[in-house]
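Please look over the sequence and the model before reading on.

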Amino acid sequence: MLEQIIFILAFISAFGLFFFRLYRIYRYIKTARPLKLKYRFKRIIRLLKIAIAQSKVFKNPLVGILHAFIFWGFIIINIEMLEIVIDGVFGTHRSLAFLGGIYPLLISVFEFFAVAVIFACVIFLFRRNALKLKRFWNKEMTTWPRTDANIILIIEIMLMCSILTVNAADSVLASRGHPHYPDVGAFLVTGLIQPLFTGMSDSSLVFLERFAWWFHIIGVLIFLNYITFSKHLHILFSFFNIYFTKFDPSGKMMNMPSVTNEVKLMLNPSAEVPQPSAEAEAGLFGAKDSQYLYWKNLLDAFSCTECGRCTAACPANITGKKLSPRKIIMDLRDRVEETGSKVLKQGKNFDDGKDLLSLISPDELWACTTCNACIEECPVNIDPVAVILDLRRYLVLEKGLAPGQLNAMFANIENNGAPWQYSAEDRLLWTENLSFKTK
Amino acid sequence: MENNPLKVPVMAELHAQDKTPEYLFWVGCAGAYDDRYKKVTRAFSKILLHLNIDFAILGNEERCTGDPARRAGNEMLFQMMALMNIEILNSYNIKKIITICPHCYNVFKNEYPELGGKYEVIHHTQFLRQMIDQEKIKVENDGYVNKMITYHDPCYMGRANEDYESAREIIKELGADLIEMRRNKSSALCCGAGGGQMFKEAEEGDKEIFIERTEEALETKAEMIASSCPFCMTMITDGLKYKNKEEEIFNYDVVELLANSMGL
């Protein structure tokens with residue numbers, strides 16, 4: 001009875017904290033500018049393709065299959081969580097065993113995935129720490145992001161080991177006819193590792209089974225809350241992020257209607273333009289901080305798992321420039337964790353002496369070629385270019401801080417209608433001295 | 001018509017005769033002013049004239065689309081250019097635009113509609129591919145048969161607008177051997193000129209992007225590097241000079257190769 005009460009309390013408080021934190025993140029994301037997205041059936045199809053079928057992770061088939069083991073393992077093994085919860089609440093044991101012959105088959109599938117997850121996690125730890133794959137060691141991968149990654153992989157290995165221990169100890173007890181452990185059939189993996197446990201007494205096996213069972217469930221509840229502060233939040237947020245991605249070609253930049261009105265008035269002072277919206281009046285041109293971006297940009301930041309595929313494909317980063325698209329997104333998330341509560345309490349115009357540009361330097365922003373390789377590579381459809389461009393807009397429109405050569409280009413366009421210093425009168429010179437055969 | 005001996009039709013003149021051509025050929029700033037890219041403009045015009053396409057250019061009335069300003073953060077200047085261009089385009093009742101620049105293509109196709117400029121936009125590689133498919137263009141000599149050609153994807157045709165094949169189809173039509181670089185199509189490396197970089201020095205780093213990309217092209221051992229963007233043309237040409245390869249390896253726009261093979 002005591003065990004049941006502890007279980008119920010632990011379960012409710014862990015999920016309570018988890019949803020409280022998620023609601024907080026949701027409110028943080030809502031501090032950014034609104035953006036209306038249309039529902040489209042296409043969104044569901046794309047979600048199935050990119051999230052469930054993992055199409056973008058499979059670009060590298062070897063890594064794709066390892067990641068898929070962990071992802072599909074996570075989804076499938078969660079069915080076993082259902083049984084653990086029922087057993088925990090009612091003090092039962094193997095409550096789903098009534099399913100009969102299909103039950104050992106089901107547990108065997110879970111066990112297959114548990115082993116696959118351990119296998120994948122070990123290889124991933126090896127790739128990170130021994131092979132030192134470059135994208136896991138870029139400058140922005142400081143101590144915390146690297147530790148975070150290792151913690152996640154190690155916890156996953158421990159959770160899988162504990163569930164295998166439960167099954168192994170349990171099946172040995174069952175084979176001895178222990179009254180609390182009904183024989184429900186042989187399991188795929190623990191059937192093989194049983195010999196390790198056969199030398200133990202009944203009481204130590206019961207202790208081991210209980211210990212591993214509690215270790216697993218408490219581990220899961222702690223992990224659940226840990227991920228909300230970790231890059232591992234992608235297991236949840238990437239679904240939303242993929243679902244809400246725009247369908248426009250990636251070359252299309254977000255328009256600024258407030259500027260259109262100004263320009264219309266400039267070109268024709270008597271033009272009729274709509275009254276500026278309250279939001280446009282309060283806002284500024286471009287973004288200097290998270291609350292001036294769109295909510296999708298903030299969702300991007302919380303969906304990032306810092307894999308660095310974007311940075312590994314970035315031409316600026318490849319050639320040694322400071323820009324790293326991953327860093328832009330990581331900085332944004334760090335900043336939202338600060339600005340979120342401040343905007344909620346003090347409103348958009350709060351002042352804490354900092355902004356997003358305290359974290360991201362102009363050198364980084366001006367190195368982007370807008371080639372979209374980062375967007376293309378991201379397995380969860382994050383768009384770092386949109387953030388870079390909105391920060392550039394702020395630097396230019398609000399601060400007049402473009403690099404000198406770009407200011408010269410602006411002046412040429414304004415005066416000559418071309419980015420170079422040529423006269424419009426010379427636009428036909430290319431047609432001179434040219435001959436060709438007619439049909 | 002003194003300074004227009006090729007007899008490339010100009011929109012204002014046709015308008016004066018009450019004529020509205022089917023296509024506007026948007027030359028672009030590089031196409032009009034850049035000495036190297038002018039050759040591309042000429043090659044494409046020759047094909048248009050050869051095929052008797054009903055088209056015209058804006059000539060002196062053409063202005064920058066505003067793309068480099070927008071990507072460099074100057075939304076105000078971009079929208080000024082866009083609204084002025086749209087006014088001219090709409091006053092001539094233009095419905096279809098062919099452009100030889102992927103950046104102009106992208107802006108017309110994706111960004112002008114929101115500002116009131118809705119056109120059917122065609123990149124020259126797409127137009128030429130249509131003409132080949134309709135058998136209006138026939139390759140007349142075998143100058144490029146079995147030549148090893150690699151193709152560099154412009155970001156704004158490739159990833160930005162997902163057309164990887166139009167230019168490749170043209171190269172195949174020439175009978176050439178198309179060899180791919182290590183990073184190609186959706187994972188192609190940028191030439192380094194987009195996003196306003198064309199007009200400024202690169203930020204501090206270990207290497208120039210155009211050198212990295214040129215080296216990748218040279219790795220293929222191709223005899224020619226083809227592309228379909230004026231900025232890529234400049235960058236790769238600079239890269240070849242930097243590697244002292246400009247005498248051995250040549251850098252062309254696909255339309256130049258096609259015009260040559262048509263004997264124009």
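## A residue at the chain contact

A polar atom of the side chain of Thr319(A) lies 2.9 Å from the backbone oxygen of Pro315(A). A polar contact is a pair of N or O atoms within 3.5 Å; within protein, one must be able to donate a hydrogen and the other to accept it, and residues adjacent in sequence count only if both atoms are side-chain atoms. Thr319(A) is located in the loop between H13 and helix H14 (325–346) of chain A. Helices (H or I, at least four residues) and strands (E, at least two) are DSSP runs, numbered from the N terminus.

With a relative accessible area of 1%, Thr319(A) is buried; the term means under 20%, whereas exposed means over 50% and partly exposed in between (1.4 Å probe, protein chains only). Leaving aside residues up to four places away in sequence, Thr319(A) touches Gly205(B), Asp206(B), Lys207(B), Glu208(B), Ile209(B) and Glu212(B). Contact here means heavy atoms within 4.5 Å.

## Basis of the model

The model is predicted: local features need pLDDT of at least 70, side-chain atom pairs count only at pLDDT 80 or more, and totals for chains, interfaces and linings use all residues. Residues are numbered from 1 along each chain as its sequence is written, chains are lettered from A and ligands numbered from 1 in the order in which they are written, and side-chain values use heavy atoms, with hydrogens and water left out.

## The interface of chains A and B

Chain A contributes 68 residues to the contact and chain B contributes 82 residues. Between them the two chains bury about 6500 Å², 65% of it on carbon and sulfur atoms. Buried area is the accessible area (1.4 Å probe) that two parts lose on being put together, summed over both.

Three salt bridges cross the interface of chain A and chain B, the term denoting a side-chain nitrogen of Lys or Arg within 4 Å of a carboxyl oxygen of Asp or Glu. Arg427(A) forms a salt bridge with Glu62(B), with the closest N and O atoms 3.4 Å apart. The buried residues of H9(A) are Val259(A), Thr260(A), Asn261(A) and Val263(A), and they pack against H5 of chain B.

## The domains of chain A

Chain A is divided into domain 1 (2–229) and domain 2 (244–416), with bounds that come from an automatic or database domain assignment. The centres of the two domains, taken over C-alpha atoms, are separated by 37 Å. In domain 1 of chain A, 30 residues are in contact with 41 residues of domain 2 of chain A. These domains bury about 3300 Å² between them, 56% of it on carbon and sulfur atoms.

Three salt bridges are found across this domain interface. Glu337(A) forms a salt bridge with Arg21(A), the closest N and O atoms lying 2.8 Å apart.

## The largest nonpolar core

The largest nonpolar core has 145 residues, of which Ile47(B) and Phe127(B) touch the most other members. Such a core is a set of buried Ala, Val, Leu, Ile, Met, Phe, Trp, Tyr and Cys residues joined through side-chain atoms within 4.5 Å. Helix H5 (residues 75–91) of chain B gives the most to this core, with nine residues.
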